Amino acid sequence: MALGLGDLLLLVVFPLVAFKAFGRAAGLLAAGIGLAVSAAVSALFALGALTGAFSLLTALGPLIVVQHVLWVRVRGAERTVAEWRRGASRAAAAAPPTNPDPALLKALEPADKEGLRAGLPDGGWLAVLEGRVVGTGTSPGRARGDAGLRGCASVPVVRQD
């Protein structure tokens, strides 16, 4: 088995990145998986199951992607460098405001007299431009599309109602 520079680089760097992004458990798991894959590929060469050139990243690459996706789903966003240096376990969620911003309340008023919000289902999306609702929809794309149909040339901000 011949290890290339890219194979070695990912074997060493990904556990460090996982540690920084998600914590000690993620780093140790990434290192353990890297060692297990290396050992498995070496064993396959020793048993004669693999005889030609085989890149370790063929097996390790998809496992790195799966680990990253799973850690993002479990822990949320990656830690920033500042959070990592402080020792924070993960990104802190912003506290919800206690009172709504008056400007936001004004933005939720319809831009026209047709009553854009009248047909908006619960959990619908609003397209807001310059403090006014210019479109609605069941998804962000539909809200932007509705704003375009109503003559909005600029790209509005879309938020869930």
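Mentor: Start with a term. Two residues are in contact when heavy atoms lie within 4.5 Å. This is a predicted model. Take Gln-67, which sits in helix 3. Beyond residues up to four places away in sequence, Gln-67 touches Phe-14, Leu-29, Ala-30 and Ile-33.

Trainee: What makes Gln-67 count as buried?

Mentor: Buried means under 20% relative accessible area. Gln-67 has 6% relative accessibility, so Gln-67 counts as buried.

Trainee: Ala-30 is one of the residues Gln-67 touches. Where is Ala-30 found?

Mentor: Ala-30 belongs to helix 2.

Trainee: Why is Ala-30 called buried?

Mentor: Same test. The cut-off is under 20%. Ala-30 has 5% relative accessibility, so Ala-30 counts as buried.

Trainee: Which residues does Ala-30 touch, not counting residues up to four places away in sequence?

Mentor: Phe-14, Pro-15, Ala-18 and Gln-67. Ala-30 and Leu-16 are also worth a look: 14 residues apart in sequence, their C-alpha atoms are 8.6 Å apart in space.

Trainee: Pro-15 is on that list. Why does Pro-15 count as buried?

Mentor: Pro-15 has 12% relative accessibility. That value is under 20%, so Pro-15 is buried. Pro-15 lies in helix 1. Leaving aside neighbours within four places in sequence, Pro-15 is in contact with Leu-10, Gly-27, Ala-30 and Ala-31. Gly-34 is 19 residues from Pro-15 in sequence, with 8.4 Å between the two C-alpha atoms.

Trainee: Which other residues of helix 1 are buried?

Mentor: Besides Pro-15, they are Asp-7, Phe-14, Ala-18, Ala-21 and Phe-22. What covers the buried residues of helix 1 includes helix 2 (24-47) and helix 3 (57-75).

Trainee: What span is expected for helix 1, and what span does the model give?

Mentor: Helix 1 covers residues 5-22, 18 residues in total. At 1.5 Å a residue, 26 Å is expected. The model gives 25 Å from the first C-alpha to the last, close to that value.

Trainee: Where does helix 1 bend?

Mentor: At Val-13, by about 30°. The angle is taken between axes fitted to the seven residues ending there and the seven starting there. A proline, Pro-15, follows within four residues. Just after helix 1 comes Gly-23, with a positive phi of about 115°.

Trainee: How do you know whether helix 1 and helix 3 are roughly parallel or roughly antiparallel to each other?

Mentor: Check the packing angle. It is about 5°, with the axes 11 Å apart. Angles under 35 degrees count as roughly parallel. Helix 1 and helix 3 are therefore roughly parallel to each other.

Trainee: How do the residues of that contact divide into nonpolar, polar and charged?

Mentor: Into 9 nonpolar, 3 polar and 2 charged. From helix 1, the contact takes in Gly-6, Asp-7, Leu-10, Leu-11, Phe-14 and Phe-22. From helix 3, the residues include Leu-57, Leu-60, Ile-64 and Gln-67.

Trainee: Now the whole protein. How many helices and strands are there?

Mentor: 6 helices and 3 strands. From the N terminus on, the elements run α-α-α-α-α-β-β-α-β.

Trainee: What share of the 161 residues is buried?

Mentor: 26%. As for contacts with a separation of 6 or more, 49% of them join residues 24 or more positions apart.

Notes:
Residues numbered from 1 in each chain as written. Predicted model: local features only at pLDDT ≥ 70, side-chain atom pairs only at ≥ 80, totals over all residues. Heavy atoms only, no water. Helix = DSSP H or I, 4+ residues; strand = E, 2+ residues; numbered from the N terminus. Expected span 1.5 Å × (residues − 1). Buried < 20%, exposed > 50% of the residue type's maximum accessible area, 1.4 Å probe, protein only. Axes fitted to C-alpha atoms, helices over the stretch in contact; angles between N-to-C directions. Parallel < 35°, antiparallel > 145°, perpendicular 65-115°, else oblique. Nonpolar A, V, L, I, M, F, W, Y, C, P; charged D, E, K, R; others polar.
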